[in-house]
Amino acid sequence: EYSMPKVMVVEDESVVAFDIIQELQSAGYEVAGHVVSGDEAIAQAKALQPELILMDVKLQGGIDGITAAEEIGKSLHIPIIFLTAHADEVTLQRAKITRPFGYIIK
């Protein structure tokens with residue numbers, strides 16, 4: 001039996017995160033978890049084993065979403081889609097290095 005992929009949401013703005021989670025659930029996706037920092041994203045990706053990660057670039061804490069994606073990619077093969085309001089060329093080039101599944105401007 002087919003089941004919708006489990007998605008982990010990495011977003012530090014609670015209102016935005018709530019909207020994303022509501023949209024995912026209404027579309028039938030299972031939300032595996034929601035975290036607000038890069039460090040939590042790394043730990044929870046390992047613990048929850050989601051099938052997709054929606055990752056904001058700018059996060060709380062010492063590391064951003066791009067660095068978190070690099071760390072996750074070293075040990076796990078989970079597709080990551082970046083969500084960001086930052087579409088500057090430097091950010092885009094840094095994100096490309098992680099070979100993301102996609103990049104959505106919010």
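Predicted model: local features only at pLDDT ≥ 70, side-chain atom pairs only at ≥ 80, totals over all residues.
**Entry 1: two helices**

I began with helix H3, residues 65-75, and helix H4, residues 89-97. Two packed helices are described by the angle between their axes and the distance between the axes. I looked up both values. The axes of H3 and H4 come within 9 Å. They cross at roughly 10 degrees. Angles under 35 degrees count as roughly parallel, so H3 and H4 are roughly parallel to each other.

Next I asked which residues make the contact. From H3, they are Ile-66, Thr-67 and Glu-70. From H4, they are Thr-91, Arg-94, Ala-95 and Ile-97. I sorted the residues of this contact by class and noted 3 nonpolar, 2 polar and 2 charged.

**Entry 2: Ser-37**

I then moved to Ser-37. I found this residue in the loop between strand E2 (30-35) and helix H2 (38-48). Is Ser-37 buried or exposed? Its relative accessibility is 12%. Buried means under 20%, so Ser-37 counts as buried.

I also looked up what Ser-37 touches, not counting residues up to four places away in sequence. I wrote down Val-10, Leu-59 and Gln-60.

**Entry 3: the largest pocket**

Last, I turned to the largest pocket. Its volume is about 170 Å³. Which residues line the largest pocket? I listed Ala-69, Gly-73, Leu-76, His-77, Ile-78, Pro-79, Ile-80, Thr-98, Arg-99, Pro-100 and Phe-101. By class, this lining has 7 nonpolar, 3 polar and 1 charged residues.

Conventions: Residues numbered from 1 in each chain as written. Heavy atoms only, no water. Axes fitted to C-alpha atoms, helices over the stretch in contact; angles between N-to-C directions. Helix = DSSP H or I, 4+ residues; strand = E, 2+ residues; numbered from the N terminus. Parallel < 35°, antiparallel > 145°, perpendicular 65-115°, else oblique. Contact = heavy atoms within 4.5 Å. Nonpolar A, V, L, I, M, F, W, Y, C, P; charged D, E, K, R; others polar. Buried < 20%, exposed > 50% of the residue type's maximum accessible area, 1.4 Å probe, protein only. 1 Å grid on protein atoms, 1.4 Å probe; cavity = no way out; pocket = protein on both sides within 12 Å on 5 of 7 lines; lining within 4 Å. Points joined across faces, edges and corners; volume = space filled by probe spheres on them.
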